[in-house]
Amino acid sequence: MIFLKTEDEIELLRQSNLLVGRALGEIAKVVKPGVTTRELDKVADEFIRDHGATPTFKGFPNPNGAPFPASICTSVNDEVVHGIPGDIVLKEGDIVSVDCGTYLNGYCGDSAYTFCVGEVSEDVRELLKVTKEALYIGIRNAVHGKRIGDIGYAIQRHCEAHAYGVVREFVGHGIGKEMHEDPQVPNYGSRGTGHLMKRGLCVAIEPMITRGTRQIMMDADGWTVRTRDGLCAAHFEHTVAVGVDKADILSSFEFIEEVLGDKAI
Ligand code: MG
Ligand code: MG
């Protein structure tokens with residue numbers, strides 16, 4: 001079932017997504033060598049609740065195990081997505097993908113950003129740059145009259161041109177009153193295939209891109225997804241509303257990039 005949103009609903013989605021953007025901005029202030037991923041979780045959890053919202057990830061059910069125990073996902077280096085915040089101490093040269101979700105006034109926010117911890121290698125920086133570019137290239141295709149496959153095709157083409165892996169098992173999604181609505185939004189695909197997008201469709205677009213093989217595996221915790229070859233992965237996500245001429249990006253990296261300044265990717 002696909003729900004097209006009214007302009008009022010899109011504004012509510014924007015508020016929730018801007019709160020995610022601001023929470024990620026708070027995280028940008030504290031990502032540095034010596035910080036644990038649990039500390040990042042605490043910053044986000046408090047910020048979200050202080051602003052009258054609920055972190056949607058906390059308690060998110062897992063059909064194969066325990067519900068998600070934290071308010072953000074923190075995926076370090078070879079972890080692709082759904083890493084659980086804990087005792088991992090970030091060190092110089094690491095990357096950490098932070099995925100954050102909020103529920104505010106009945107609507108969901110969902111956005112993710114991969115942060116550098118201090119200075120990272122040129123190879124890793126390039127992976128982040130290309131993944132972020134792929135996100136915006138995908139977003140350019142989220143317009144009325146195009147199809148979902150156009151988004152995936154554009155993302156896949158850009159990333160594979162750099163010989164990176166495009167994760168297949170996890171995908172973007174519709175978003176609204178529920179964090180995960182129809183349709184699914186894969187980061188791979190063929191042009192002109194899949195669901196026909198209409199104005200008012202709201203989707204989270206979220207390329208998960210690897211430096212090497214696209215093969216992944218799941219940790220025993222039932223959540224953490226990591227690359228099979230142990231190479232790094234990046235994850236950038238925006239929630240957008242499909243528009244007639246262009247997509248309206250409802251989440252924001254502005255708060256992050258204000259903090260990072262000229263160190264932003
Ligand atoms: Mg997300
Ligand atoms: Mg998402």
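N77 sits in the loop between β2 (72–76) and β3 (79–81) of this predicted model. Its phi is near 55°, a positive value in a residue other than glycine. N77 is buried, because its relative accessible area of 18% falls under the 20% cut-off.

**Around strand β3**

- E79 belongs to strand β3.
- E79 has a relative accessibility of 8% and therefore counts as buried.
- The side chain of E79 makes a polar contact of 3.3 Å with the side chain of R226.
- Beyond residues up to four places away in sequence, E79 touches T74, I88, T224, V225, R226 and A233.
- H82 falls in the loop between β3 and β4 (95–104).
- H82 is not a glycine, yet its phi is positive, at about 65°.
- With 22% relative accessibility, H82 counts as partly exposed.
- N77 is buried at 18%, whereas H82 is partly exposed at 22%; the 20% limit for buried therefore separates the two.

**Magnesium ion (ligand 1)**

- The coordinating atoms come from D99 (OD), D99 (OD), D110 (OD) and E237 (OE), at 2.0 to 2.5 Å.
- Along the chain, the donors of the magnesium ion (ligand 1) are spaced D-x10-D-x126-E.
- D110 and E237 link distant parts of the chain, 127 residues apart.
- D110 is in strand β5 (residues 107–116), while E237 is in the loop between β13 (233–235) and β14 (238–241).
- D110 is buried, at 2% relative accessibility.
- E237 is buried as well, at 0% relative accessibility.

**Magnesium ion (ligand 2)**

- The magnesium ion (ligand 1) and the magnesium ion (ligand 2) are 3.1 Å apart.
- D110 coordinates both ions.

**Helices α1 and α2**

- The axes of helix α1 (residues 7–30) and α2 come within 9 Å.
- They cross at roughly 145°, and the crossing is right-handed.
- From α1, the contact involves L19, R22, A23, E26, I27 and V30.
- From α2, it involves L40, V43, A44, F47 and I48.
- The residues of this contact comprise nine nonpolar, no polar and two charged.

**D45 in helix α2**

- D45 is part of helix α2 (residues 37–50).
- D45 is buried, because a relative accessible area of 13% is under 20%.
- A polar contact of 3.0 Å connects the side chains of D45 and R49.
- Apart from neighbours within four places in sequence, D45 is in contact with P55, K58 and S71.

- The peptide bond between D182 and P183 is cis, with omega about 0°.
- P183 is placed in strand β8.
- S190 lies in the loop between β8 (181–185) and β9.
- S190 has a relative accessible area of 41%, between the 20% and 50% limits, and is therefore partly exposed.
- S190 touches G149, D150 and Y153, leaving out residues up to four places away in sequence.
- S190 and R147 are 43 residues apart in sequence. Their C-alpha atoms are 9.5 Å apart in space.

How values were computed. Residues are numbered from 1 along each chain as its sequence is written. Chains are lettered from A and ligands numbered from 1 in the order in which they are written. This is a predicted model: local features need pLDDT of at least 70, side-chain atom pairs count only at pLDDT 80 or more; totals for chains, interfaces and linings use all residues. Side-chain values use heavy atoms; hydrogens and water are left out. Helices (H or I, at least four residues) and strands (E, at least two) are DSSP runs, numbered from the N terminus. Buried means under 20% relative accessible area, exposed over 50%, partly exposed in between (1.4 Å probe, protein chains only). A polar contact is a pair of N or O atoms within 3.5 Å; within protein, one must be able to donate a hydrogen and the other to accept it, and residues adjacent in sequence count only if both atoms are side-chain atoms. Contact means heavy atoms within 4.5 Å. Donors are N, O and S atoms within 2.8 Å of the metal (3.2 Å for Na, K and Ca); water is not among the atoms, so sites may look incomplete. Axes are lines fitted to C-alpha atoms, for helices over the stretch in contact, and angles run from 0 to 180 degrees between N-to-C directions. A crossing is left-handed if the near helix is turned anticlockwise from the far one by less than a right angle, and right-handed if clockwise. Ala, Val, Leu, Ile, Met, Phe, Trp, Tyr, Cys and Pro count as nonpolar, Asp, Glu, Lys and Arg as charged, and the others, Gly among them, as polar.
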